[in-house]
Amino acid sequence: METAILEKITALRHELHAHPELSMHEEGTKRRLIDFLRANTSLEIRDMGRWFYAVYRCGCAGAKKLAVRADLDAVAVAESFELPYRSQNPGVAHKCGHDGHSASLCGLALALESRGADKDVFLLFQHAEETGQGAAECERLIDDEGIDSIFAFHNWEGHPLGSVVVSSGVVQCASKGLTLRFTGKAAHASQPESGHNP
């Protein structure tokens, strides 16, 4: 990647990192990304309310339609690092790397702008990934635009730095959690009969 493009994407990531927003409240993040794409590309931008997508059209007859998805939202965790671009929203931070995901997708937009592709490429900027609400709303893009294949990416620990791991199907799915509560009465081991095992 050219140094000038890398610098633009890094600056965008830092700006997003400094202004994190929780799921279903990503208005400022969405605006920053749309402004960046409008200032740096000629891609068609479709604002869908809480989410948006940008389109590169190759102009090829019968071209396949490929979508690439990145997420926008941050989590309700305080910033733990002293960074020049640290979170300015107390108790909210980009601890899952979604600032980097969105900035990277903008990097792909810049690459499409300069190099082109032999497919129509849809860059999907999805809100509310952390809660699962965003995917349900963005799913309509697949049918509305006749997407042939869609890719998403995420950081994945345990793999060598710089590697790309591709997997078909669901990967790194979140859970809503599990809470177990036990009720009993503690007792000393010498008097188990006075306790109540939950």
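A residue is called partly exposed when its relative accessible area falls between the buried class, under 20%, and the exposed class, over 50%. In this predicted model, Arg 140 is partly exposed because its relative accessible area is 43%. Asp 144, at 52% relative accessibility, counts as exposed.

Arg 140 and Asp 144 form a salt bridge, with 3.1 Å from N to O. Both belong to helix H5 (residues 140-145), where a spacing of 4 residues places them about one helical turn apart.

## Salt bridges between separate parts of the chain

Side chains of opposite charge can pair when their charged atoms come close. The whole structure contains 13 salt bridges. One of them joins Glu 44 to Arg 57, with the closest N and O atoms 3.1 Å apart. Glu 44 is in strand E1 (residues 44-47) and Arg 57 in the loop between strands E2 (52-56) and E3 (65-71), so the contact ties together parts 13 residues apart in sequence. Glu 44 is partly exposed at 28%, as is Arg 57 at 37%.

Arg 50 pairs with Glu 137, the closest N and O atoms being 2.8 Å apart. Since Arg 50 lies in the loop between E1 and E2 and Glu 137 in helix H4 (residues 133-138), this pair ties together parts 87 residues apart in sequence.

## The segment after strand E5

Val 165 lies in the segment that follows strand E5 (149-152). Together with Trp 156 and Val 171, Val 165 forms a nonpolar surface patch of about 220 Å² accessible area.

Cys 173 is also found in the segment after E5, and counts as exposed at 60% relative accessibility.

Conventions:
Residues numbered from 1 in each chain as written. Predicted model: local features only at pLDDT ≥ 70, side-chain atom pairs only at ≥ 80, totals over all residues. Heavy atoms only, no water. Patch = residues over 30% accessible without salt bridge, like charges linked within 9 Å, V, L, I, M, F, W, Y side chains within 5 Å. Areas by Shrake-Rupley, 256 points an atom, 1.4 Å probe, with all protein chains shown as cover. Salt bridge = Lys/Arg side-chain N within 4 Å of Asp/Glu carboxyl O. Helix = DSSP H or I, 4+ residues; strand = E, 2+ residues; numbered from the N terminus. Buried < 20%, exposed > 50% of the residue type's maximum accessible area, 1.4 Å probe, protein only.
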